[in-house]
Every structure is written in structure tokens, then in C-alpha cells.
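Welcome! Take a moment with the sequence and the 3D view, and then let us walk through them together.

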Amino acid sequence: MMIEILKGRTMRVSREVAEQNRKSVVDTASRLFRENGYDGIGVAALMKAAGLTHGGFYKQFEDKAALAAEATEAALAGNREKWSGVIATAGQGKDITPAAALAAWYLSPQHAGMRAEGCAFAALASEAPRQPAPVRAAFTSAIEESVALLTAPDTPRDEALRHLSAMVGALVLARATDDPGLADDILSATRASLR
């Protein structure tokens, strides 16, 4: 059992509650890192957003870098899960390839507006080179897995890499502009090029 200090009182926390608390912190960090960047939010604010005390953080994680690695893995696993779902339903009643279906969903204005819940590549990849090795390793693994999702018997690996790069780059640029018309042009031009 873990012990947590809450408003001057000692309270025993079961393993199940401790695991739920850890998952809550990882899920919250995954969302808030995508929204604010790795350095855009501190441990105290993360813990508050997760509904837990700041003091409980160090019982669960060695440091913020350890949380960043775990939260990045969780965000990238969310990417993979969403992408797999979109690809699995592609072509059902439509004449569309899985890669084109993914591009249609990924390069939508709705997805572009979902920074905190959207693609971790677009939100965090530009920050990854300045992060510890476990964060970069999570990106490496997720890129390979994403390319594997996009690679089919009739789709070579280099084409899957171009597809992934075009989608992520277009989403980053669409999110960067303050001109909604330009953002839509970037998204639609890239969608058209990936059909």
C-alpha cells in the first residue's frame, strides 16, 4: 500500500487506487503536453489537473522526464489506436484506400482543432530532439509502427514514409497559421495529393 499525505492527514491508498492515480497523471500529462508542450506545464499544475497533490508525484515518478516518456508513449499509443480504427473501417461501402481514409480523417479541420487530443507527432515531434532518450525512443518506435500501418502489399515503405511525413507536416503548418483559410488550403491540398 502507498501512503499519501492529504491536508496534514496520512491516508493509506490501495494498489488499485495508486494505479488509477498513476494512469490519471499519465493521461493528463499526455493531453497537457500536447496542448502546452513539454516545458509549457509544470509538475504542480499537472498534478492539480489530475486531481492529485503535488507531493504524490514523486511517489509515482522519478522526475518529470520519466513522466514525459510515459505520457509520450501513451499519446503515441493513442495515435496508433485511432489510426488503426480509421484504417480498419476504410473502404466499407466506399472505394477508398486505407491510407486515403486516414488522410481524410487526419487532415480534417476537426482534427486540426484537437491539439490536446490529436496527433502526438504533430504536437510534440518538434520538441523531441531536446528531450531525454526515452522520449526520442518512443517517437522512433511509434514512427516505425505508423509506417507499418501505412505499408500494404501494394504500398512500399518509402511511400508510407512520404505519406506520414506529408500528413504530419501539413497538420503542423495548418495549426501554425492564424489564417483559417490558409489552414484549410494546406489541409485540402495535402489530402488531394495523398489520394
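## A loop residue to start with

Ala 152 sits in the loop that links α8 and α9; helices here are DSSP runs (H or I, at least four residues), numbered from the N terminus. With a relative accessibility of 31%, Ala 152 is classed as partly exposed, because that class lies between buried (under 20% relative accessible area) and exposed (over 50%), using a 1.4 Å probe and protein chains only. Pro 98 is 54 residues away along the chain, yet its C-alpha atom is 9.2 Å from that of Ala 152.

## About the model

This is a predicted model, in which local features need pLDDT of at least 70 and side-chain atom pairs count only at pLDDT 80 or more, while totals for chains, interfaces and linings use all residues. Residues are numbered from 1 along each chain as its sequence is written, and side-chain values use heavy atoms, leaving out hydrogens and water.

## The nonpolar core

The largest nonpolar core has 54 residues, and Phe 33, Leu 67, Tyr 106 and Phe 121 touch the most other members. Such a core is a set of buried Ala, Val, Leu, Ile, Met, Phe, Trp, Tyr and Cys residues joined through side-chain atoms within 4.5 Å. Its largest share, nine residues, is supplied by α4.

## Two helices that cross

How do α1 and α4 pack, in angle and axis distance? The angle is about 80°, and the axes are 8 Å apart. The axes are lines fitted to C-alpha atoms over the stretch in contact, with angles from 0 to 180 degrees between N-to-C directions. The two helices α1 and α4 are therefore roughly perpendicular, a label for angles of 65 to 115 degrees.

Methods: Parallel < 35°, antiparallel > 145°, perpendicular 65-115°, else oblique.
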